[in-house]
Number of protein chains: 2
Amino acid sequence: MSLHLYRDLEELKKRLVHLGNLVEVSIDKAVDAFVRRDRANAELVVTGDRDVDTAEVRLEEDCLKVLALHQPVAKDLRFVITVLKINSDLERMGDAAESVASRALQLQELPQFALPEELTQMVAMARGMTRKSLECFVREDAQAAREVLSDDRAVDTLQRRMFDLLQAEMKRDPAHVDPAILVLSMSRQVERIADLATNIAENVIFQLEGEIVRHRRAQMRLV
Amino acid sequence: MSLHLYRDLEELKKRLVHLGNLVEVSIDKAVDAFVRRDRANAELVVTGDRDVDTAEVRLEEDCLKVLALHQPVAKDLRFVITVLKINSDLERMGDAAESVASRALQLQELPQFALPEELTQMVAMARGMTRKSLECFVREDAQAAREVLSDDRAVDTLQRRMFDLLQAEMKRDPAHVDPAILVLSMSRQVERIADLATNIAENVIFQLEGEIVRHRRAQMRLV
């Protein structure tokens, strides 16, 4: 590999990590806005998503430049394509964070409603998966990537349990329909973040081992 | 452009259209299974998704081969990257169709429930958008791609209206909570199909005109 190509691939990796950090901040702020009913943070996420979008567009252009300039093959080509795919998944995570923030704003219009413990656990897991999925890419660690896949199954189980609880709650008291629907809808976005982290981990495994894991997990979602 | 490159790019396009057709069939069967409470069709979608997954993996490999073999630049490079992105969006549409099918199976366990008119309209629009998004890619028609973007706004409006109706219905009669939640959840998948068709249309516009439209639309979703 030429020194220029090596330098440019390292630069792509650096930019991807930068984008990942922006997205992590968005997720944290959005969840905080939802859990603490904090309007200022919710609004910051909406503004911050513009930075995510700009970074994503720029990184895609950088990938195309590297392809056109160096015409990489084999492992290096696969690396650039993986960056392109992770880039797109990170941007979608940013969108999911923005959706959580918008639900935080809606929740503030409603009376207090106790958030289920499962939601807190789901948020913590999805947050950890996001971090881990980026780390396994940076460190080229397929084992860590497999942990993300198993975390995703745990998130699905939590989501299912919470879904049942909230559904029962809505039947018990019609006054709980509005907030429960909002919590379910927010949890769907958290599940989506976990799914996207899983996509990233699957792509890392494929990049490292050439193994297609992305179609093995069950696709059936409850909510 | 060399004759070989031209032939290989045409082959990629053909395979993408083939994958698109598989996904369209899945969507039709899944919706039919939901609306008509038809178990056989729901099960066919789940089996059919394996073909979608196989076709997606194969097309990605073909794209990488074209990149490595011909090292295309400029317009041709952008074309291959667009195929890669549409490929991934089509596969996710297939997953959404599978989710609709799994909800169809759940709905069969519940008492009859009148489906809202808005759902039928949403389904018809999302179906049309899927077809149009592929056509605009094949015909290189940016104007048709813009129609998909405007259809997406109409789908969001329908979704919002249906959401309000079903939420009111759940408050009025707790016996309607279970089916209403399932219909909402199914409609989320239809909205997702419409979103993915919109992604495809945005990518087509970018490929043809270099214009980044994909971050302009509002990202806030209600459900």
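With which residue does B:Glu60 form a salt bridge? The partner is A:Arg78, and the closest N and O atoms of the pair are 3.0 Å apart. A salt bridge here is a side-chain nitrogen of Lys or Arg within 4 Å of a carboxyl oxygen of Asp or Glu. Between chain B and chain A the count is 10 salt bridges.

This is a predicted model, in which local features need pLDDT of at least 70 and side-chain atom pairs count only at pLDDT 80 or more, while totals for chains, interfaces and linings use all residues. Residues are numbered from 1 along each chain as its sequence is written, chains are lettered from A and ligands numbered from 1 in the order in which they are written, and side-chain values use heavy atoms, with hydrogens and water left out.

The interface brings 50 residues of chain B into contact (heavy atoms within 4.5 Å) with 50 residues of chain A. About 4,400 Å² is buried between the two chains, and carbon and sulfur atoms give 53% of this area. Buried area is the accessible area (1.4 Å probe) that two parts lose on being put together, summed over both.

A rotation of 180° with 0.0 Å of shift along its axis superposes chain B on chain A, with an RMSD of 0.0 Å. The superposition is by least squares on the C-alpha atoms of residues with pLDDT of at least 70 in both copies. The two copies are therefore related as by a two-fold rotation axis. In chain B, the C-alpha nearest this axis belongs to B:Gln71, 2.9 Å away. The same surface serves both copies, as 100% of the contact residues of chain B recur in chain A.

Over all chains, the structure holds 44 salt bridges. One of them pairs A:Arg15 with A:Asp62, with the closest N and O atoms 3.0 Å apart. This pair links helix α1 (residues 3-35) to helix α2 (residues 39-70) of chain A, across 47 residues; helices are DSSP runs (H or I, at least four residues), and strands (E, at least two) are too, numbered from the N terminus. A:Arg15 is partly exposed, with a relative accessible area of 24%, whereas A:Asp62 is buried at 14%. Buried means under 20% relative accessible area, exposed over 50%, and partly exposed in between (1.4 Å probe, protein chains only).

A:Glu24 forms a salt bridge with A:Arg127, at 3.2 Å between the closest N and O atoms. Both residues, A:Glu24 and A:Arg127, are buried.
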